[in-house]
Amino acid sequence: SGEAVMSEDAANGKSHSAKGGGAMYEEGGVTVLRTSDLSEMLAAGTREVHEKAENSEFVQDFLRGRIRKELFKLGHVALYFTYSALEEEMERNKDHPQFAPLYFPHELHRRESLARDVQYFFGDDWQNQISVSPATERYVHRIHHIGQNDPVLLVAHAYTRYMGDLSGGQVLRKVAQRALKLPADGEGLSFYEFENIHSAKAFKQLYRSRMNELELDTATRERVVEEAVRAFDFNIEIFRELEEFGKTLQEDVFDAAPAHDREVQGDVSRCPYHAAKNGMSMKPPAVDRRIFVKWPKLCLETHPVRSYWPPGSLLLPDWLLGTSCDLL
């Protein structure tokens with residue numbers, strides 16, 4: 001997935017080295033530039049499926065505050081089974097040379113946090129009330145398969161999940177807390193709390209650095225990218241499954257959408273989109289992500305989501321998919 005350009009020296013068989021650690025080589029009279037950073041390869045290689053996931057009905061409804069509590073609960077159940085499998089295989093392979101540098105159980109592991117959340121939603125008898133869905137079961141089966149047979153591919157699943165959890169998680173937490181009227185002390189939302197990470201930005205930089213330093217040949221890096229695409233596909237399948245279940249619920253069974261108040265969204269009177277909508281200004285202001293974070297519903301009424309996150313952006317799905325984000 002690199003940029004191919006005609007080389008003046010191709011006919012002479014000269015080799016080149018690219019800035020920033022990239023590799024340039026001759027192929028059929030064309031010099032091909034391909035980055036050696038796995039994190040950049042993942043960003044480029046998953047761009048298309050990334051957009052597909054973020055445009056799913058489930059994701060779009062969530063962004064608009066149309067959150068069915070039953071679907072949120074089932075989504076957490078899916079996450080519980082997914083992370084249980086992932087962390088079991090990470091534990092199994094914690095000393096594997098192609099994964100060990102990414103083993104951060106104290107900082108990252110989510111299984112216990114999700115168990116607390118699921119217990120909050122389903123009660124003390126939660127373990128007897130939940131079951132793995134067909135789509136989640138396929139995801140879990142894949143994780144166990146690669147953990148036992150091809151551990152290097154765990155890199156794709158760990159990076160896709162954890163880096164996204166750290167990216168925009170606090171925003172999603174606030175939206176869910178308000179929309180579902182969850183307790184102010186954070187009950188039901190432990191999944192989003194990383195108590196042992198003081199700076200998400202610094203930790204993500206460390207994690208990407210560790211990942212880029214893994215001794216993987218080009219073919220293996222490309223397999224990791226392919227596996228990351230597959231991880232997105234598994235998430236999309238789960239979204240579709242939740243969408244189908246949602247159709248069995250009454251159309252009006254929604255918890256309150258996020259209120260645009262001072263506590264969660266900021267003072268609505270200061271929102272420029274609110275002013276434009278109510279005739280207090282001539283036209284809506286220019287697109288601004290900082291405004292979107294505070295007043296997403298009003299922003300979506302004046303500009304499409306894609307205005308804030310152009311194609312290929314990694315921020316939007318991070319709120320919902322848990323995918324890697326280099327923008328925060």
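**View 1. Glu112 sits in helix α6, which covers residues 111-122.** Welcome to a predicted model, in which local features need pLDDT of at least 70, side-chain atom pairs count only at pLDDT 80 or more, and totals for chains, interfaces and linings use all residues. Residues are numbered from 1 along each chain as its sequence is written, and side-chain values use heavy atoms, leaving out hydrogens and water. Helices here are DSSP runs of H or I with at least four residues, strands are runs of E with at least two, and both are numbered from the N terminus. With a relative accessible area of 49%, Glu112 is partly exposed; that class lies between buried (under 20%) and exposed (over 50%), using a 1.4 Å probe and protein chains only. Look also for Tyr83: its C-alpha atom is 9.4 Å from that of Glu112, although 29 residues separate the two along the chain.

**View 2. Arg111 and Glu112 form a salt bridge through their side chains.** The N to O distance is 2.8 Å, and the term asks for a side-chain nitrogen of Lys or Arg within 4 Å of a carboxyl oxygen of Asp or Glu. The two side chains are also joined by a polar contact of 2.8 Å. That label needs a pair of N or O atoms within 3.5 Å; within protein, one must be able to donate a hydrogen and the other to accept it, and residues adjacent in sequence count only if both atoms are side-chain atoms. Arg111 is partly exposed, at 31% relative accessibility.

**View 3. Arg223 and Asp150 bring distant parts of the chain together in a salt bridge of 2.5 Å, N to O.** Arg223 belongs to helix α12 (residues 218-246), while Asp150 lies in the loop between α8 (134-149) and α9 (154-166), 73 residues apart. Both partners are partly exposed, with relative accessibility of 34% for Arg223 and 22% for Asp150.

View 4. Zoom in on Glu89 and Arg92, whose side chains meet at 2.6 Å, N to O. Both lie in helix α4 (residues 69-92), three residues apart, or about one turn of the helix. An α-helix has 3.6 residues a turn, so residues three or four places apart point the same way. Glu89 counts as buried, at 0% relative accessibility, whereas Arg92 is partly exposed at 45%.

**View 5. Helix α8 has 16 residues and spans 22 Å from its first C-alpha to its last.** This is close to the 22 Å expected at 1.5 Å a residue, where the expected span is 1.5 Å times one less than the number of residues. Which residues of α8 are buried? They are Ala135, Thr136, Tyr139, Val140, Arg142, Ile143, Ile146 and Gly147. Seen down the axis of α8, these buried residues fall within an arc of 155°, so they line one face of the helix; the arc is taken over the directions from the helix axis to the C-beta atoms. They pack against α4, α9 and α12. On the face turned away from the buried side, you will find the exposed residues His141 and Asn149.

**View 6. The chain as a whole has 17 helices and four strands.** Of its 328 residues, 50% are buried. The salt-bridge count comes to ten. Among contacts (heavy atoms within 4.5 Å) with a separation of 6 or more, 74% are between residues 24 or more positions apart.
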